[in-house]
Amino acid sequence: MASVKFCSECYNMLYPKEDKANRRLLFACRNCQHEEDADQTCVYQNIITHTAMEQTIVTIDLSSDPTFPRSKRPCPKCHYPESVFFQSRSKAKDATMKLFFACCAPNCGNRWSN
């Protein structure tokens, strides 16, 4: 996990710097000339989490995708008699085994869950 480091001489923030000659990562102060070796190679880590509904937006036309199973559950918005369903692909610790549905009507695109 990346963390913020501070200079031991002037207490300003240290920034990552590459030592190309010796092929190593350093943390350097921009105010004084203090440098120290990096104890980890991770400088920044960005973890993106999506809700199940956000994950389905990537697949725009779920109804024409043959890999999704079909259901006779009608759409609550347009009452079209067919929908596709799937489970959340979230790897979060609080992810549930809830089913999500998408309407198969050509002009609806409604998505809902149980």
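Which residues make up the largest nonpolar core? Keep that in mind while looking through these close-ups of a predicted model.

**View 1. The largest nonpolar core, residue by residue.** Here are the seven residues that form it: Leu 62, Phe 68, Val 84, Phe 86, Phe 100, Ala 102 and Cys 104. Two elements, strand 5 (83-87) and strand 6 (99-103), each give two or more residues to this core. Apart from it there's another core, this one of six residues, including Cys 75, Phe 101, Cys 103 and Cys 108.

View 2. Follow the strands across and you get the order 4-5-6-7, with antiparallel pairing. At the edges sit strand 4 (70-71) and strand 7 (111-113), each pairing on one side only. In general, strands of a sheet pair through backbone hydrogen bonds, in either a parallel or an antiparallel way.

**View 3. Strand 6 meets strand 7.** Zoom in on this pair and you'll find three bridges, running in the antiparallel sense.

View 4. Strand 1 (14-19) pairs with strand 2 (residues 24-29) over six bridges, in the antiparallel sense. Take Lys 17 as an example: its bridge partner in strand 2 is Leu 26. Between the two strands of the hairpin come four residues, and Arg 23 takes a positive phi near 55°.

**View 5. A nonpolar patch on the surface.** Val 4, Phe 6 and Met 13 make this patch, which covers about 290 Å². Phe 6 belongs to the segment before strand 1. Is Phe 6 buried or exposed? Phe 6 counts as exposed because its relative accessibility is 52%, and the cut-off for exposed is over 50%.

**View 6. Arg 73 and its surroundings.** Look for Arg 73 in the loop between strand 4 and strand 5. With 37% relative accessibility, Arg 73 counts as partly exposed. What does Arg 73 contact, leaving aside neighbours within four places in sequence? The list is Tyr 80, Pro 81, Glu 82, Ser 83, Phe 101, Trp 112 and Asn 114. Phe 101 is 28 residues from Arg 73 in sequence, yet the two are 8.6 Å apart in space, C-alpha to C-alpha.

Terms used. Residues are numbered from 1 along each chain as its sequence is written. This is a predicted model: local features need pLDDT of at least 70, side-chain atom pairs count only at pLDDT 80 or more; totals for chains, interfaces and linings use all residues. Side-chain values use heavy atoms; hydrogens and water are left out. A nonpolar core is a set of buried Ala, Val, Leu, Ile, Met, Phe, Trp, Tyr and Cys residues joined through side-chain atoms within 4.5 Å. Buried means under 20% relative accessible area, exposed over 50%, partly exposed in between (1.4 Å probe, protein chains only). Patches are made of residues with over 30% relative accessible area and no salt bridge: like charges are joined within 9 Å, nonpolar side chains (Val, Leu, Ile, Met, Phe, Trp, Tyr) within 5 Å. Accessible areas come from the Shrake-Rupley method with a 1.4 Å probe; for residues, only the protein chains shown count as cover. A salt bridge is a side-chain nitrogen of Lys or Arg within 4 Å of a carboxyl oxygen of Asp or Glu. Two strands pair if DSSP finds at least two bridges between them. Contact means heavy atoms within 4.5 Å.
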